[in-house]
Amino acid sequence: MDIRRELRADVARNEKFAARGELRMPILAIGGQESFGGSIADQWRQYAVNVDSRVIEG
């Protein structure tokens, strides 16, 4: 698998998906304190309007 080729395809799919409009259903984005933390919710906010986030400590 060529990761670079797949990355381009992923970007194209995400752009097509985003053009359809934001998701309206509730999204719970969970990230670990020592990992992604609240940035998971920030990523989801690009695609959804009803995003709640939690960060797991430890």
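Predicted model: local features only at pLDDT ≥ 70, side-chain atom pairs only at ≥ 80, totals over all residues.
Visitor: What makes the protein more spread out than a compact globule?
Guide: Start with the layout: two helices and two strands, in the order α-β-α-β along the sequence. The radius of gyration is 14 Å, while the globule rule gives 10 Å for 58 residues; 14 Å is well over that, so the protein counts as more spread out than a compact globule. The C-alpha trace spans about 35 × 30 × 10 Å along its principal axes, and buried residues make up 17% of the 58 residues.

Visitor: How do you know that the span of helix 1 agrees with its number of residues?
Guide: Helix 1 covers residues 3-19, which is 17 residues. The expected span is 1.5 Å times one less than the number of residues, and that comes to 24 Å here. The end C-alpha atoms are 24 Å apart, so the two agree. After helix 1 comes Gly 21, with a positive phi near 110°.

Visitor: Why is the Asp 10 and Arg 13 pair called a salt bridge?
Guide: The cut-off is 4 Å between a side-chain nitrogen of Lys or Arg and a carboxyl oxygen of Asp or Glu. For Asp 10 and Arg 13 the closest N and O atoms are 2.4 Å apart, so the pair qualifies. Both residues sit in helix 1, three residues apart, or about one turn of the helix. As a general point, an α-helix has 3.6 residues a turn, so residues three or four places apart point the same way.

Visitor: What makes Asp 10 partly exposed rather than buried?
Guide: Buried means under 20% relative accessible area and exposed means over 50%. Asp 10 has 34%, which falls in between, so it is partly exposed. Arg 13, at 47%, lands in that class too.

Visitor: How many salt bridges does the structure hold?
Guide: Three. One of them joins Asp 42 to Arg 45, with the closest N and O atoms 3.1 Å apart. In another, the side chains of Asp 52 and Arg 54 meet at 2.9 Å, N to O.

Conventions: Residues numbered from 1 in each chain as written. Heavy atoms only, no water. Helix = DSSP H or I, 4+ residues; strand = E, 2+ residues; numbered from the N terminus. Rg over C-alpha atoms; globule rule 2.2 N^0.38 Å. Buried < 20%, exposed > 50% of the residue type's maximum accessible area, 1.4 Å probe, protein only.
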